[in-house]
Amino acid sequence: MNYTIRGAIVPGCFNQNEGYESIDVQIVDGRIAAIGSGLEVQGTAIDGTNKLLLPGFVNAHTHSSEMWQRGSIPPRPLELWLAELYDFSPLDPQHIYLSALHTAAETLLTGGTCVVDHLVLIPHREIETIAAAVRAYREIGIRAYVAPLIQDQSISTGIPEGGAEREHEAFPRTTEEVLAWLTEAIEQFHRPDEGICMMPAPTGIHLASDALLKGCVELSDRYDLCRHTHLLETKAQKLIAEEKYGYSAVEHLKRLDFLNERTSLAHCVWLDDADIEILAATRSTVVHNPLSNLRLGSGIAPILKYRRAGVNVTFGCDGAASNDSQDVLEAIKIGSMLHNVTDLDYREWITPREAIEMAALGGAIGLGMADQFGSLTIGKQADLVLYDLTNLSLLPRTDPIGLLVWGRPTQVVHSAWVAGRQVIAEGQLTTIDLAHLQQELFRHSNWHSNRSSPQAMAAESHYRSVMGLKP
């Protein structure tokens, strides 16, 4: 279908000193066909009066299946939190399907039109896991980059040795087996024309061998895919890199040719100035996940330093058990305001307009798709969101983008399109029955608290020792 949005409010440009204007936008054959005033109606007319029109945001890093442990894991650093996550991960593809729907729904309803799902897999049922998530994303209509979270080393190797001699269980899949099923998944599910893209995505240097990392580079190059990984999320990971390589993890990824303009790197909390120079030179993208970094005590990524160096930065919610939400607007708010306490020079603080550009165009840049979506530009695919400026949480009338980014907007998305397909109308999802999804999520879950994780208990003593904490 075609649409004409009439009289919507848009920023003059992504410049804090510019004002707003009222315009019409034509969506024809999935793309932005015209922008102007008094345009002839093509297809369905959408009243944009008192509504803010923006490009859709990219939820550039999350783990959809973590949703089943939302609100349940106690305060722990990543390495112990991860052990608990693995002990209670979902083992049913139906759960994967439902959690992907949930992740997509929350992303869409908070302004996101694209999600990068670093998908946690059911062991030995990897293809089934991916198929379940892909089915969900197709049904709901979000643009999805499915990045199966792969590793070839056991979870215990994700804690520094600290001079101790520890034995680690062998990972149940060899490197060759992991790369083989990943290749199968790419050939089966990578359908960019249908809004589903695959990404080679090792979990990180702390759980991946060089052979696996090189294999991901080879697959990325062979199939022309983006690649994705966690990078130096915690201080422990920085120590692991020093133990393994004797130099920076960023330098190591550079030597493996992992870094380029289509590489996105989640977290990047513990980087030094030389690392930042490498990211800028390789045109890699940093995905800022402020809420999970706070939730797990990982630290505050030096985002202002990255921006000064010319590194592209965008935002991610991270998984719903390390953030406990998939609210993209919340991630943008915290991710921009947090750095007001890390740098006294207020002239470099992130403005609301800069924040939405980071979330939309910055996300598209990280996926190598800046020429296809991420801005209100004629010829680009129509990934667009209309926000209702009469909503109570966006009143009284002041600066629309300031209200959206700095406020606490709730249920403010009026309409949304992904590649020209309307997926939200009048504040309601058009592609799935949200009430039925809620019922299914309730039916497939149970109240619980104070679970005991065997892996976390086994790892805690060594973790405290190597991190210099009291026994």
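## Cavities

A cavity here is a set of grid points where a 1.4 Å probe fits but cannot get out, and its lining residues have an atom within 4 Å of a point. The model is predicted. It holds two cavities of 30 Å³ or more.

The largest cavity has a volume of about 160 Å³. Its lining counts 17 residues. His63, Leu78, Trp81, Leu82 and His230 lie nearest the centre. Helix α1, residues 78-87, gives the largest share of this lining, with five residues. By class, the lining of the largest cavity splits into eight nonpolar, six polar and three charged residues.

## The second cavity

The second largest cavity holds about 40 Å³ of space. Its lining consists of Ala60, Val116, Ser264, Thr285, Val287, Thr314, Gly363, Gly366 and Leu367. Four of the lining residues are nonpolar and five are polar. None is charged.

## The parallel sheet

Strands β12, β13, β14 and β15 form an open sheet, in that order. The pairing is parallel. The edges are β12 (227-231) and β15 (312-315), and each of these pairs on one side only. Neighbouring strands of the sheet are turned against each other by 30° on average, direction ignored.

Strand β14 covers residues 285-288 and is joined to β15 by four bridges. These two strands run parallel. Threonine 285 of the pair stands opposite asparagine 312 in β15.

## A helix across the strands

Helix α12 spans residues 352-366. The helix lies across β13 (263-267), β14 and β15. Its direction makes an angle of about 110° with β15.

## Alanine 34

Which strand holds alanine 34? The residue lies in β3, residues 31-36. Is alanine 34 buried or exposed? Its relative accessible area is 15%. The cut-off for buried is under 20%, so alanine 34 counts as buried.

Leaving out residues up to four places away in sequence, alanine 34 touches Asp24, Val25, Gln26, Leu39 and Ile378. Leucine 344 is 310 residues from alanine 34 in sequence. In space, the two are 43 Å apart, C-alpha to C-alpha.

Technical notes. Residues are numbered from 1 along each chain as its sequence is written. This is a predicted model: local features need pLDDT of at least 70, side-chain atom pairs count only at pLDDT 80 or more; totals for chains, interfaces and linings use all residues. Side-chain values use heavy atoms; hydrogens and water are left out. Two strands pair if DSSP finds at least two bridges between them. Axes are lines fitted to C-alpha atoms, for helices over the stretch in contact, and angles run from 0 to 180 degrees between N-to-C directions. Contact means heavy atoms within 4.5 Å. Buried means under 20% relative accessible area, exposed over 50%, partly exposed in between (1.4 Å probe, protein chains only). On a 1 Å grid over the protein atoms alone, a cavity is a set of points where a 1.4 Å probe fits but cannot get out, and a pocket is an open set with protein on both sides within 12 Å along at least five of seven lines; lining residues have an atom within 4 Å of a point. Grid points are joined across faces, edges and corners, and a volume is the space filled by probe spheres set on the points. Ala, Val, Leu, Ile, Met, Phe, Trp, Tyr, Cys and Pro count as nonpolar, Asp, Glu, Lys and Arg as charged, and the others, Gly among them, as polar.
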